[in-house]
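Thanks for coming. Please have the sequence and the structure open.

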Amino acid sequence: MLYTERHHQILRYLETHSSVTVQELSKSLYASPSTIRRDLSELESMGFLQRVHGGAVLTTGSNFDTPASIRRTQQQEEKQRIADLASRFLSNSSNYFFDSSSTVSFLALKLRDYLDVRIATNGLGILSSLSSSENLVVLSSGGYLRSPYDEFTGNLAVQCISNMNADTFFFSCAGFSASQGAMELSDENVAVKRAFFKKSKQHILLCDISKFDREFFFNSFNISELDYVVTDRKPANSLYIELLGDRLIY
C-alpha cells in the first residue's frame, strides 16, 4: 500500500495535535468525509494511527516508526541548528559514519565543503544527497532496505560495517531520557548503530529537544557511552545538564 500526499498531511497534522476528527481533516484537506475515513483506515492498517469514534489518534510515538518522508519535514529549523553546532566536529582528511536519521542528514550535507573525506552510512537519503560530490568517498553499508524508512539494516549491513573504521560516528535516536539514554523503535536499527559504534573512536548523538524525556522499547546507548550530545536548545530538565556536563552542546 502506497503513501499519498494526503496520508502525509494527515500524519503531519497528528504529529502536532496527537488526535484529529474526520470533520477537521475533511475541512483542512478539502476531501470528503468518506475519503478521509478510507485514508484513516489505510493508515491504521500500516500501524501509524488508531481509529477512534469520529477520528483517529497517533500511535507513532509509542509503537511505530515514522516514514522517512515524514521525518524529513519535521523540526527542520531545529535540525539545521543541530547540524550547525555539530559541524565543529568535521574536518578535512577524516573518516565518518552516519546513521540513517533525518537529523544526521542535515550535517552530512556540510561535508561537501571538506576535502579528503570518506563516509559510510546506512541511510539511503544521505547516499542520494552526497552521490554527486567530487570531494567525498561515499560508501553504503548495504543490507536489507527497510521501506519506507530509507535505511539499510540486517546481518549484511552489520558484516559490512565490521570491515570499516571511522574517526566519528554521528547518529540520532527515537527518544532520549536521563535514565535510559538513547532508544529506538527497531532492534534492527539498534544492531546497525551498535556496529557503527563499535568501529568508531568518537560517538556523537544529534537529538532535537522534542525527543528528550521520551522512552521507547529498545535501548541503544547509555548516557555514559556518549562522547557528546548535540541538541537545539537547553533542556528544561536540569538533570541532563548534571549528567552530561560539557558533553551537552546546545
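First, a term. A pocket here is an open set of grid points where a 1.4 Å probe fits, with protein on both sides within 12 Å along at least five of seven lines. Bear in mind that this is a predicted model.

With that in hand, the second largest pocket has a volume of about 200 Å³. It is lined by 16 residues, and the closest to the centre are Arg 72, Ser 102, Ser 105, Gly 125 and Ile 126. Where does the lining come from? At least two residues each are supplied by α5, residues 68-71, by α7, residues 102-108, and by α8, residues 124-130. The largest share is that of α8, with 4 residues. Sorted by class, the lining of this pocket holds 7 polar, 6 nonpolar and 3 charged residues.

Now the nonpolar cores. The largest one has 27 residues, and Phe 176, Leu 205 and Val 229 have the most contacts inside it. Two or more residues of this core come from each of α9 (155-161), β9 (166-171), α10 (187-198) and α11 (238-244). Of these, α10 gives the most, 4 residues.

Take Val 229 as the example. Setting aside neighbours within four places in sequence, Val 229 is in contact with Phe 176 and Leu 205, and also with Phe 212, Leu 244, Arg 247, Leu 248 and Ile 249. There is also a second, separate core of 24 residues, with Leu 85, Ala 86, Phe 170 and Ile 204 among them.

That leaves two side chains to look at. His 7 sits in helix α1, residues 5-17. Is His 7 buried or exposed? His 7 counts as buried, because its relative accessibility is 0%. Its side chain is joined to that of Asp 39 by a polar contact of 3.4 Å. His 7 and Leu 43 are 36 residues apart in sequence, while their C-alpha atoms are 7.3 Å apart in space.

The other one is Glu 184, in strand β11, residues 181-184. At 5% relative accessibility, Glu 184 is under the 20% cut-off and therefore counts as buried. Which side chain does Glu 184 make a polar contact with? The partner is the side chain of Lys 193, at 2.7 Å. Beyond four places in sequence, Glu 184 touches a set of residues including Ser 172, Cys 173, Asn 189, Phe 216, Phe 217 and Phe 218.

That is the end of my part.

Technical notes. Residues numbered from 1 in each chain as written. Predicted model: local features only at pLDDT ≥ 70, side-chain atom pairs only at ≥ 80, totals over all residues. Heavy atoms only, no water. 1 Å grid on protein atoms, 1.4 Å probe; cavity = no way out; pocket = protein on both sides within 12 Å on 5 of 7 lines; lining within 4 Å. Points joined across faces, edges and corners; volume = space filled by probe spheres on them. Nonpolar A, V, L, I, M, F, W, Y, C, P; charged D, E, K, R; others polar. Core = buried A, V, L, I, M, F, W, Y, C linked by side-chain atoms within 4.5 Å. Buried < 20%, exposed > 50% of the residue type's maximum accessible area, 1.4 Å probe, protein only. Contact = heavy atoms within 4.5 Å. Polar contact = N/O pair within 3.5 Å; in protein donor to acceptor, adjacent residues only side chain to side chain.
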